[in-house]
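Look over the sequence and the model before you read on. This briefing goes through the structure topic by topic.

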Amino acid sequence: MIQLFNVSKAYQKDSAALSEITLKVPKRDFVYLTGASGAGKSTLLKLLFGAEKPSRGQILINGQNITRMLSRIPALRRRMGIVFQDFKLLNRRTIFENVAFPLEIQGKKRYEIGKKVYQALQQVGLEHKLQRFPLELSGGEQQRVAIARALVVDPLVLIADEPTGNLDPEVALEIMDLFKVANARGSTVVLATHDREMIRRIPRRVITLEGGRLIDDQTP
Amino acid sequence: MLDRPAYMLLRALRNMRQSPVLCGAAIGTVAVSLTILAFFVLIVINVQQLTSHWSREIQVTAYLDRIPEERRLQEWIGEIRRQPEVAGVVFISKQQAFERFRQRLQQEADLLDGLDAEILPASLEITLAEQYRSRQGVDTVVAGLKKNPHLADVRYGQDWLERFEAFLRLLRLAGAILGAFLLFAALFIVSNTIKLTLYARRDELEVMALVGATPLFIKLPFLLEGAIQGLVGGVLALCGAFLFFQLLLREGLQTILMLPGSASIQFLPYTYQLALLGAGVLLGGFGSLVSLRKLLRT
């Protein structure tokens, strides 16, 4: 469960990137975060995974207040999957190594890592490209690797910032299917997009931001 | 959790293997910086050795207006010797003083023809133990001598002593300032080189943080890498310094410092060699730490 209470964020004194956001996302929910460029979507996501601190207000994730204890953020991120528009893969490492990275950091045993990485890659349909490097794959495939890396930790929360922004419409739909499946398996999904067509085709709860304010919250 | 240190080491080594150019640059920078530092220390050590050689000149001479009988003389000598500051006492008879004077005059020795050894006084020459070769040590010895009224005429080259002490102070100060400056410059250069290597891998640092690595977990392999590079750089610097020492410095210093044959130019003692390697490790580790702090703000 994600809860925000009167959350504001200002990078500079006078201009607020987010103001007075109060929001509740129940467990296993699937939420679109939408709005024009600069509406504050990315800022809100950054607050959720602790890359930014709110200027005011409180953020609770699974009952833990992450605004107070910065030292909790690594532990929080271990149960979180984060997916970006630009994939953020390590280009000098193989697909296997990229997906194994979060588990390696958690100190998991080698056989366990091997098993989980294979399963995650199977989920995204790339189990046959284990030993390839990211730049040898297409954009859609790279994003699937990034999603596999997010899913490999069985995340409670899956956060995605314009995950289909760089991809063709058909490929984008395939990627969205992966988020749907992850959601069905129990992950809470918060996905920022400005793709209206996508929202129309896969209707879910839509939270709309404008100028840093929450202006609309609709559930179909 | 037990295999964590091994994992860290493995990652550090893998990182180094993956970017050999940057790794080489960091090692090279440490090596060059430390070679310069080692060079400087070598010079300081040898100048210090020279000054300790010079300090043997610090001695106190007590002139005797009348030579006492042998037994009394031995008593006085014994008394002086018992002072902890005193390393040795030598009696120089009138004849010996005259001979010395003659030798010092060299070609002009014939000036002394027709003169008698009686013109020069006999004396006691007192050398000081090494740790007391200072103004204070000399003062103590002189005060002790003056208790004996027959040894009232005491000379100890006051001017020379003061200049010698001023020189030593200057040498120590210059050594400390230059050494600190060199070390700081080395740290600056090394940390900047390491910053470049980290900058080239900032994607990795970012992803590590995103998938939940703690700051310590992110930093440790890089610190380890810095320390390993520092150690390798230190070993290279030691080899480099030794090579330079053998090829250039030994002969050059010997000439510049005009050391007498007995005191030879020496290479860094073992403790200094170990300290140099330690400095490499610290330099590399600390250099990474400084850069990491800047890069890991987010």
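In which helix of chain B does B:I80 lie? B:I80 lies in helix α3 of chain B. Keep in mind that this is a predicted model. The points below start with that helix, then take up other parts of both chains.

- Helix α3 of chain B covers residues 70–82, which makes 13 residues.
- From first C-alpha to last, α3(B) reaches 18 Å, close to the 18 Å expected at 1.5 Å a residue.
- This helix is hardly covered, with a count of one buried residue among its 13 residues.
- B:I80 is buried, because 21 other C-beta atoms lie within 10 Å and the cut-off is 20 or more.
- Leaving out residues up to four places away in sequence, B:I80 touches B:V86, B:V89, B:L124, B:I126 and B:L145.
- B:I80 and B:G144 are 64 residues apart along the chain, yet 7.7 Å separates their C-alpha atoms.

- Helix α6 of chain B runs over residues 158–199 and has 42 residues.
- At 1.5 Å a residue it should span 62 Å, and its end C-alpha atoms are 61 Å apart, which agrees.
- The buried residues in α6(B) include B:A186, B:V190, B:I194 and B:L198.
- B:S191, B:T193 and B:T197 are buried in α6(B) too.
- The domain assignment of chain B gives domain 1 as 4–53 + 164–295 and domain 2 as 59–155.
- The centres of domain 1 and domain 2 of chain B, taken over C-alpha atoms, are 50 Å apart.

**Where the chains meet**

- How many residues does the contact take from each chain? It takes 15 residues from chain B and 13 residues from chain A.
- On the side of chain B that touches chain A, α1 (4–18) and α7 (202–210) of chain B each supply at least two residues.
- α7(B) gives the most to that side, with six residues.
- By class, the side of chain B that touches chain A has seven nonpolar, four polar and four charged residues.

**Helix α6 of chain A**

- Helix α6 of chain A covers residues 169–184, which makes 16 residues.
- α6(A) reaches 22 Å from its first C-alpha to its last, close to the 22 Å expected at 1.5 Å a residue.
- Which residues of α6(A) are buried? They are A:A172, A:I175, A:L178, A:F179 and A:A182.
- An α-helix has 3.6 residues a turn, so residues three or four places apart point the same way.
- A:P169, A:E170, A:D177 and A:A184 are exposed on the other side of α6(A).
- The buried residues of α6(A) pack against α5 (139–151), β7 (157–161), β8 (188–192) and α7 (196–201) of chain A.
- A:G186 follows α6(A) and has a positive phi, near 120°.

**Nonpolar cores**

- The largest nonpolar core has 69 residues.
- Those with the most contacts inside it are A:L33, A:V99, A:A148, A:I159 and A:V190.
- Apart from this core lies another, of 30 residues, with B:V30, B:A31, B:I228 and B:L276 among them.
- In soluble globular proteins, nonpolar side chains tend to be buried together.
- A:V190 is in contact with A:V25, A:V31, A:L33, A:L45, A:L48, A:V157 and A:I159, leaving aside its neighbours within four places in sequence.
- A:A148 has its place in helix α5 of chain A.
- A:A148 is buried, with 26 other C-beta atoms within 10 Å.
- Not counting residues up to four places away in sequence, A:A148 touches A:V99, A:A120, A:L121, A:Q123, A:V124 and A:L126.

**Positive phi in a loop of chain A**

- A:F87 is found in the loop between β6 (80–84) and α3 (95–105) of chain A.
- A:F87 is not a glycine, although its phi is positive, about 65°.
- A:K88 lies in the loop between β6 and α3 of chain A.
- Phi of A:K88 is near 50°, a positive value in a residue other than glycine.
- Is A:F87 buried or exposed? A:F87 is buried, with 21 other C-beta atoms within 10 Å.
- A:K88 is partly exposed, with 17 other C-beta atoms within 10 Å.

Technical notes: Residues numbered from 1 in each chain as written. Chains lettered and ligands numbered in written order. Predicted model: local features only at pLDDT ≥ 70, side-chain atom pairs only at ≥ 80, totals over all residues. Contact = placed C-beta atoms within 7 Å. Helix = DSSP H or I, 4+ residues; strand = E, 2+ residues; numbered from the N terminus. Nonpolar A, V, L, I, M, F, W, Y, C, P; charged D, E, K, R; others polar. Expected span 1.5 Å × (residues − 1). Buried ≥ 20, exposed ≤ 12 C-beta atoms within 10 Å, placed from the backbone. Domains from an automatic or database assignment. Core = buried A, V, L, I, M, F, W, Y, C linked by C-beta atoms within 7 Å.
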